[in-house]
Amino acid sequence: MASSMLYGAENLAIIRGRVGPNGLGSNGSDLCGRKFSPKINLVCRNPILKGGSRALIVPKCSMSVPRPASQPRFIQHKKEAFWFYRFLSIVYDHVINPGHWTEDMRDEALEPADLYSPHMVVVDVGGGTGFTTLGIVKHVHAKNVTILDQSPHQLAKAKQKEPLKECKFIEGDAEDLPFKTDYADRYISAGSIEYWPDPQRGIKEAYRVLKIGGKACLIGPVYPTYWLSRFFADMWMLFPKEEEYIEWFEKAGFKDVKIKRIGPKWYRGVRRHGLIMGCSVTGVKPASGDSPLQLGPKVEDIEKPVNPFVFLARFLIGALAGVYYVLVPVYMWLKDQIVPKGQPI
């Protein structure tokens, strides 16, 4: 069974698009994403509604069908992502993180990873500038932590952080990790899956590198329901739905899959615009060895020549779409300042 926890104890039972009477759609919350109650406990893929709860059909939130994960967005290709972060790394910690990935959010998102021992072996995949790693080394000796990222420019920023001096740094691919099978106690990845052309392959790799009983903790975006935010999300990068995270983890072989919703405090629980850091997904590896999931060839061949004009067009369009999500947290912050507390925004 996969479960999701958000701030409180109010229950929501979902079965393949159904919702119980104590959950969304029957307590005044808006299924189309205008506002989620900040006290909702999601329970996904539960085949039986306990207590004979009546099941309701969840209404459609969108008139259009979102692009599937198998159709990468403009910055969901490794080459575009590489150059995107070549420039973004300059301002990442000072411009992006304050609006989307605060220290409080980071610590809350890492809590389900259960970093209980300083002697754990931890891999931080897509570690970037090391912001998430700073949260990891609060609990684990830096010498036991490896930061992997495909961007040397992001890693250069991480290396400058004093608490991370003893960490190992590797330039590598999240979909083809350079670690042996059954290597780590914990797999952490924050703000990386949105750039993976094949998310299922990346999560399959997470399973492989973990020891038996090890836990993966993947922190990433959630898909918007507001039409304009959905438009820019589909142009920019991958914004998975919560049920997609659960499906990817379970297909890879993980057990006890859970989702914890997160978000900036000034959003007041609003999720209609999507969130670049919107959930923390965890799963436990039940057996040693590789994932039981069999996959075909990689979705993206990075050695294949790319038309430079097509590349430039994709990069510019994707980057412009990303600007929208730089402005959204500013807009939400202004609404938080103007709208009286206790009222929906």
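## Helix packing

Helix H7 (residues 227-236) and helix H9 pack with their axes 8 Å apart and at an angle of about 140°, where axes are lines fitted to C-alpha atoms, for helices over the stretch in contact, and angles run from 0 to 180 degrees between N-to-C directions. That angle makes H7 oblique to H9, since angles under 35 degrees count as roughly parallel, over 145 as roughly antiparallel, 65 to 115 as roughly perpendicular and the rest as oblique. H7 passes H9 in a left-handed crossing, a term used if the near helix is turned anticlockwise from the far one by less than a right angle, whereas clockwise is right-handed. The helices (H or I, at least four residues) and strands (E, at least two) are DSSP runs, numbered from the N terminus.

This is a predicted model, in which local features need pLDDT of at least 70 and side-chain atom pairs count only at pLDDT 80 or more, while totals for chains, interfaces and linings use all residues. Residues are numbered from 1 along each chain as its sequence is written, and side-chain values use heavy atoms, with hydrogens and water left out.

## A patch on the surface

Leu 320, Val 323, Val 326 and Leu 327 form a nonpolar patch on the surface, and together they have about 360 Å² of accessible area, a value from the Shrake-Rupley method with a 1.4 Å probe, for which, in the case of residues, only the protein chains shown count as cover. Patches are made of residues with over 30% relative accessible area and no salt bridge, like charges being joined within 9 Å and nonpolar side chains (Val, Leu, Ile, Met, Phe, Trp, Tyr) within 5 Å. Leu 320 is found in helix H9, which covers residues 308-338, and Leu 320 counts as exposed because its relative accessibility is 62%; buried means under 20% relative accessible area, exposed over 50%, and partly exposed in between (1.4 Å probe, protein chains only).

## Salt bridges

A search of the whole structure finds 16 salt bridges, each being a side-chain nitrogen of Lys or Arg within 4 Å of a carboxyl oxygen of Asp or Glu.

| Pair | N to O distance |
|---|---|
| Glu 205 and Arg 208 | 2.7 Å |
| Arg 261 and Glu 242 | 2.7 Å |
| Lys 258 and Asp 256 | 3.9 Å |

Glu 205 and Arg 208 are separated by about one helical turn, because they are three residues apart in helix H6 (residues 199-209), and both Glu 205 and Arg 208 are buried. The salt bridge between Arg 261 and Glu 242 links distant parts of the chain, with Arg 261 in strand S11 (residues 255-261) and Glu 242 in helix H8 (residues 242-252), 19 residues apart. Arg 261 counts as buried at 4% relative accessibility, and Glu 242 is buried at 14%. Lys 258, at 28% relative accessibility, counts as partly exposed. Elsewhere, Arg 106, Asp 107 and Lys 138 are linked in a network of salt bridges.

## Positive phi angles

Asp 256, which lies in strand S11, has a phi near 50°, a positive value in a residue other than glycine, and Asp 256 is partly exposed at 39% relative accessible area. Phi of Asp 114 is near 55°, again a positive value in a residue other than glycine. Asp 114 is found in the loop between helix H3 (103-110) and strand S6 (122-125), and Asp 114 is partly exposed, with a relative accessible area of 36%.
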